[in-house]
Amino acid sequence: MPYTVGLFPNMQKDRVRACLPDILALLQKHGLKTLLPQNLAQDKTLSYDVCDTATLAQMDAGISLGGDGTFLQMSRYLSPLKIPVFGVNFGKLGFLAETEMNDFEKALQKLVQRDFEIEERSQQRAIVIRNGQIAVQAHALNDMVVAKGHFSKLAHLELKINGKHSGIYAADGLIVATATGSTAYSLSAGGPMVHPSLDVSIITPICAHALYTRPLIIPGNNLIEITAVPPYEELLLSADGEIASAVAENDIIRIDKNPEPVRLIRLNGRSYYETWQQKLMRTCGNEEAK
């Protein structure tokens, strides 16, 4: 039976659209069956099988073509099915990407030869409790963010960890990141870079209105609870950059470890420390990651 891969391309990127026919040709050259999302079915110039939600489970691996945002969207679909994934970077930094387009054929050769390792990364899950009922559920590989809306003032948020009061933050919001997500929004907000093998949560305030508020690193299996305190302002909960829910005045947001990890395909054997330096030293001339 041929090895089946699912491609998840960000077609808003010019380079992805330009490279997609070559990528499909390489997959065919190496004897790989290819599935693409159903919303590309109208393109009759490309040769592939359409993949609707019901056929996701046919994939042996998922490959994203884009930036970290594209990778996160793909992992959201495939992690519940235990399908391993890797990304081809067409974005700016691409912390989650395993390879660049220039090295894509080498990556395919390793994939065909089963010359790779599977690395599991912890995810988070969040629920919003409203009037005693679960109103919203979400999961994220990078981070959960509770932040003020577009037109609101400073947010006031109470943080509890394992049911114990930890503090009240006057800030634009709070980021709760995994170790994998430490290089995303949390890093921009002044959070630390954390090795992705560590099972931790990083709580980083956004533009906190107090000099003593600093990022906090806690065990990944701790239960985090966030609630708004007066004066109330418009708040939003987002998961990996996607808005999951508006947060009402008396809502309780609970964040803990998702028991289902994301399975990453590791092909190049590079150390994280080397990769971090390379990513952070990229010039700013590249296209923004989406």
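Colleague: Which residues in H1 meet which residues in H3?

Modeller: The model is predicted, so local features need pLDDT of at least 70 and side-chain atom pairs count only at pLDDT 80 or more, while totals for chains, interfaces and linings use all residues. Residues are numbered from 1 along each chain as its sequence is written, and side-chain values use heavy atoms, without hydrogens and water.

On the H1 side the contact (heavy atoms within 4.5 Å) involves Ile23, Leu26, Leu27 and Lys29, which meet Phe104, Glu105 and Leu108 in H3. These residues divide into five nonpolar, no polar and two charged; Phe and Leu count as nonpolar, Lys and Glu as charged, and Gly as polar. Helix H1 covers residues 14–29 and helix H3 residues 104–112, helices being DSSP runs of at least four residues and strands of at least two. The two pack at an angle of about 30°, with their axes 10 Å apart. H1 is therefore roughly parallel to H3, a term for angles under 35 degrees. The crossing of H1 and H3 is right-handed, the near helix being turned clockwise from the far one by less than a right angle.

The largest cavity has about 170 Å³ of space. Of its 16 lining residues, Phe95, Arg121, Tyr272, Thr275 and Trp276 lie nearest the centre. Helix H5 (residues 272–280) gives the largest share of that lining, three residues. Eight nonpolar, four polar and four charged residues make up the lining of the largest cavity.

The second largest cavity has about 70 Å³ of space and 14 lining residues, with Gln123, Gln124, Ser201, Gly220 and Lys257 nearest its centre. At least two residues of this lining come from each of strands S7 (117–130), S12 (173–178), S13 (200–206) and S18 (252–266). The lining of the second largest cavity has four nonpolar, seven polar and three charged residues.

The peptide bond from Pro230 to Pro231 is cis, with omega near -5°, and Pro231 is found in the loop between strand S15 (224–228) and strand S16 (235–239). Lys82, although not a glycine, has a positive phi of about 65°; Lys82 lies in the loop between helix H2 (68–78) and strand S5 (85–89).

Note on methods: Axes fitted to C-alpha atoms, helices over the stretch in contact; angles between N-to-C directions. Parallel < 35°, antiparallel > 145°, perpendicular 65-115°, else oblique. 1 Å grid on protein atoms, 1.4 Å probe; cavity = no way out; pocket = protein on both sides within 12 Å on 5 of 7 lines; lining within 4 Å. Points joined across faces, edges and corners; volume = space filled by probe spheres on them.
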